[in-house]
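Here is a walk through one protein model, helix by helix and then into its cores. Keep the coordinates open as you read.

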Amino acid sequence: MRPVRRATVADAPELTRLRELLLEAMGQDVSEPTWRDAARTAFADRLAPGRDLTAFVIDGEDGTLAASAVGTVFDSLPGPNRPDGRTGWLLNLATAPDYRGRGYGRATCAALLDWFHGQGVRRVEMHASPAGEALAKSLGFTEPTSVALTWAEQRRL
């Protein structure tokens with residue numbers, strides 16, 4: 001197993017590449033021309049020290065990233081599962097196709113969950129791809145008891 005490390009600003013292009021693979025696997029159309037540059041910029045900005053994004057990665061054999069798990073903590077309203085209102089959001093749990101089946105997704109996700117625990121975060125949310133659902137459940141994620149819905153603004157004619 002290759003070692004897990006904390007991502008840096010320099011990983012922004014590769015995190016964007018892994019994000020594209022993940023979004024495609026989740027059935028999203030990734031052909032919109034501007035999102036990759038915006039994602040690279042957002043990763044670079046938000047992974048900077050003192051900012052709100054944390055990521056754990058495993059380097060591939062060819063200078064690319066093999067896997068990533070990205071997370072952030074946001075303030076929600078307090079409740080019994082999060083008395084302080086802080087909630088983790090796991091983003092970009094992705095493994096490049098050539099590296100799947102080696103435990104890299106599990107290792108990066110476990111590192112991120114340990115980081116959340118160290119931050120005092122008691123609840124973490126995520127959206128899993130069909131391929132990642134079994135891994136997420138094996139790490140303790142459960143299906144929500146409420147109905148999860150998404151609203152996306154649609155262009156009005």
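In this predicted model, Gly27 follows α1 and has a positive phi, near 85°.

Which residues of α1 are buried? They are Ala12, Glu14, Leu15, Thr16, Leu18, Glu20, Leu22 and Leu23. The list includes Glu14 and Glu20 as well as leucines. The cover over the buried residues of α1 includes α2, β2, β3 and β4.

Take α2 next. Two packed helices are described by the angle between their axes and the distance between the axes. For α1 and α2 (residues 35–46), the axes come within 8 Å and cross at roughly 130°. That angle makes α1 oblique to α2. The crossing of the two helices is right-handed. On the α1 side, the contact is made by Ala12, Pro13, Leu15, Thr16, Arg19, Glu20 and Leu23. On the α2 side, Trp35, Arg36, Ala39, Arg40, Phe43 and Ala44 make it.

Now turn to α3, residues 104–118. How far apart should the ends of its 15 residues be? At 1.5 Å a residue the span should be 21 Å, and the end C-alpha atoms are 21 Å apart, which agrees. Gly120 follows α3, and its phi is positive, near 80°.

The buried residues of α3 are Tyr104, Gly105, Ala107, Thr108, Cys109, Ala111, Leu112, Trp115 and Phe116. Their cover includes the strands β1 (4–6), β2 (53–59), β3 (65–75), β4 (86–95) and β5 (124–126). The helix α4 (133–138) is also part of that cover.

The cores come next. The largest nonpolar core has 20 residues. Within this core, Ala7, Leu15, Phe43, Leu47, Val70 and Tyr104 touch the most other members. At least two residues of this core come from each of α1 (12–25), β2, β3 and α3. A second, separate core has 15 residues, including Ala69, Leu90, Ala111 and Leu135.

Leaving aside neighbours within four places in sequence, Tyr104 is in contact with Met1, Arg2, Ile58, Ala66, Ala67, Thr95 and Tyr99.

One of those partners, Ala67, lies in strand β3. Is Ala67 buried or exposed? Its relative accessibility is 0%, so Ala67 counts as buried. With neighbours up to four places away left aside, Ala67 is in contact with Leu18, Phe56, Val57, Ile58, Ala94, Thr95, Tyr104, Gly105 and Thr108. Thr41 makes a contrasting pair: Thr41 and Ala67 are 26 residues apart along the chain, and their C-alpha atoms are separated by 20 Å.

End with Cys109, in helix α3. Cys109 has a relative accessible area of 1%, so it is buried. Not counting residues up to four places away in sequence, Cys109 touches Ala69, Leu90, Leu93, Leu139 and Phe141. Ala69 and Leu90 are among the members of the second core. Asn92 is 17 residues from Cys109 in sequence, and the two lie 9.8 Å apart, C-alpha to C-alpha.

Notes
Residues numbered from 1 in each chain as written. Predicted model: local features only at pLDDT ≥ 70, side-chain atom pairs only at ≥ 80, totals over all residues. Heavy atoms only, no water. Helix = DSSP H or I, 4+ residues; strand = E, 2+ residues; numbered from the N terminus. Expected span 1.5 Å × (residues − 1). Buried < 20%, exposed > 50% of the residue type's maximum accessible area, 1.4 Å probe, protein only. Contact = heavy atoms within 4.5 Å. Core = buried A, V, L, I, M, F, W, Y, C linked by side-chain atoms within 4.5 Å. Axes fitted to C-alpha atoms, helices over the stretch in contact; angles between N-to-C directions. Parallel < 35°, antiparallel > 145°, perpendicular 65-115°, else oblique. Left-handed = near helix turned anticlockwise from the far one by under 90°.
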